[in-house]
Amino acid sequence: MLIHLLSNGVKFTDQGEIKLELKLLSMKGDEQLIRFVVADSGIGIPDDFVEMVFEPFKQVDERLSRRYGGTGLGLAISHHLVELMGGSIDVKSEQGKGSRFFFELPLQVASQEVEVPLIAESQSTAEPKAPEVLRSLLVEDDEINRQVIGRLLEHLGVTTDIAKNGLEGCSMSLEQKYDLIFMDIYMPEMNGIEAVLEIRGNPKNRNVETPIIALTAMTSEEDRDECFRAGMNQYIKKPIDFDLLKATVNLYRS
């Protein structure tokens, strides 16, 4: 939820700042009530749209959708997750002056400090065999998603080149042969479906037969079918599950 709200703040703020604030509201026993605030000085939200901002597929303006990308699902998913965790979320915004999203969650206090690694290390005493290093192209318009997915791939021994939209992805795929391509679906300039059709349909492209994995929050059967018809090989839904990403990468190691 924080990744999405911060990503939106970055996306819709051309200049100014984005702030993340946390505040302890109350503590009862081993439960704390925490308020999370993400505030930006970006384009803001019109008054007549604020009440609909957490509804699925709602976007302020079609022109903004073309410029910034997105499906209008992120805030609806965040709203649903906050409620599932027993909290609440709201927004205050003024068009042209920025937005302030805040949610409150009841969280359990850990009884003791426990260090948990992001990626579990092998307990075997035998020296592990170094995995084959793969080279991938990540086509993703969201800056924070690029950073998160890039780090996950790095942990899996995958070096990653970055394209910010389908047009960049197609251009880079003409110049460099990749072992894997990870393709976001909804992007400005050229979306993922269009990019895959361009790559698969160009005999001069060096990645005509490269495995392409869709990355998207759209998970209906129709969405999956559209990805496969375009020529994609696998489908991973967002937010990215590390174990599934790992299994997908290992599937294509020789």
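Modeller: Helices here are DSSP runs of H or I with at least four residues, strands are DSSP runs of E with at least two, and both are numbered from the N terminus. The model is predicted. By that count the protein chain has nine helices and nine strands.

Colleague: Where is Glu189 placed?

Modeller: Glu189 sits in the loop between S7 and H7.

Colleague: Why is Glu189 called exposed?

Modeller: A residue is exposed when its relative accessible area is over 50%. Glu189 has 62%, so Glu189 is exposed.

Colleague: Which peptide bond is cis?

Modeller: The bond from Lys238 to Pro239 is cis, and its omega is near -5°. Pro239 belongs to the loop that runs between strand S9 (234–237) and helix H9 (242–251). In general, most peptide bonds are trans.

Colleague: Turning to helix pairs, why are H7 and H8 called roughly parallel?

Modeller: The axes of helix H7 (residues 192–201) and helix H8 (residues 221–230) cross at roughly 20°. Angles under 35 degrees count as roughly parallel, and H7 and H8 are therefore described that way. Their axes also come within 9 Å.

Colleague: Which residues of H7 and H8 meet?

Modeller: From H7 they are Ile193, Val196, Leu197 and Arg200, and from H8 they are Glu226, Cys227 and Ala230. Sorted by class, this contact has five nonpolar residues, two charged residues and no polar residues.

Colleague: Which residues of H1 and H5 meet?

Modeller: Ile3, Leu6, Ser7 and Val10 in H1 are in contact with Glu143, Ile144, Asn145 and Val148 in H5. By class, that contact has five nonpolar residues, two polar residues and one charged residue.

Colleague: Why is Gln147 called partly exposed?

Modeller: Partly exposed is the range between buried, under 20%, and exposed, over 50%. Gln147 has a relative accessible area of 49%, so Gln147 is partly exposed. Gln147 lies in helix H5. Between Gln147 and Ile162 the C-alpha to C-alpha distance is 9.8 Å, and they are 15 residues apart in sequence.

Colleague: Why does Ser99 count as buried?

Modeller: The cut-off for buried is under 20% relative accessible area. Ser99 has 7%, so Ser99 counts as buried. Ser99 is part of strand S4 (residues 98–108).

Colleague: Which residues is Ser99 in contact with, leaving aside neighbours within four places in sequence?

Modeller: They are Val38, Ala39, Asp40, Gly44, Ile45, Lys92 and Ser93. Asp40 is 59 residues from Ser99 in sequence, with 5.5 Å between their C-alpha atoms.

Colleague: Why does Leu180 count as buried?

Modeller: Its relative accessibility is 0%, so Leu180 counts as buried. Leu180 is in strand S7. Not counting residues up to four places away in sequence, Leu180 touches Leu134, Arg135, Ser136, Leu137, Thr210, Pro211, Ile213, Val249 and Tyr252.

Colleague: What makes a set of residues a nonpolar core?

Modeller: The members are buried Ala, Val, Leu, Ile, Met, Phe, Trp, Tyr and Cys residues joined through side-chain atoms within 4.5 Å. The largest such core has 21 residues, and Val139, Ile181, Met183, Ile212, Cys227 and Met232 touch the most other members. Strand S5 (134–139), strand S7 (180–184), H7, strand S8 (212–216) and H8 each give two or more residues to this core. H7 supplies the largest share, four residues. A separate core has 16 residues, including Val82, Ile89, Phe103 and Leu105.

Colleague: What does Ile181 touch, not counting residues up to four places away in sequence?

Modeller: Ile181 touches Leu137, Val139, Ile199, Asn207, Thr210, Pro211, Ile212 and Ile213.

Colleague: For the protein chain as a whole, what percentage of the 254 residues is buried?

Modeller: Buried residues make up 39%. The accessible surface is about 15300 Å², and carbon and sulfur atoms account for 50% of that.

How values were computed. Residues are numbered from 1 along each chain as its sequence is written. This is a predicted model: local features need pLDDT of at least 70, side-chain atom pairs count only at pLDDT 80 or more; totals for chains, interfaces and linings use all residues. Side-chain values use heavy atoms; hydrogens and water are left out. Buried means under 20% relative accessible area, exposed over 50%, partly exposed in between (1.4 Å probe, protein chains only). Accessible areas come from the Shrake-Rupley method with a 1.4 Å probe; for residues, only the protein chains shown count as cover. Axes are lines fitted to C-alpha atoms, for helices over the stretch in contact, and angles run from 0 to 180 degrees between N-to-C directions. Angles under 35 degrees count as roughly parallel, over 145 as roughly antiparallel, 65 to 115 as roughly perpendicular and the rest as oblique. Contact means heavy atoms within 4.5 Å. Ala, Val, Leu, Ile, Met, Phe, Trp, Tyr, Cys and Pro count as nonpolar, Asp, Glu, Lys and Arg as charged, and the others, Gly among them, as polar.
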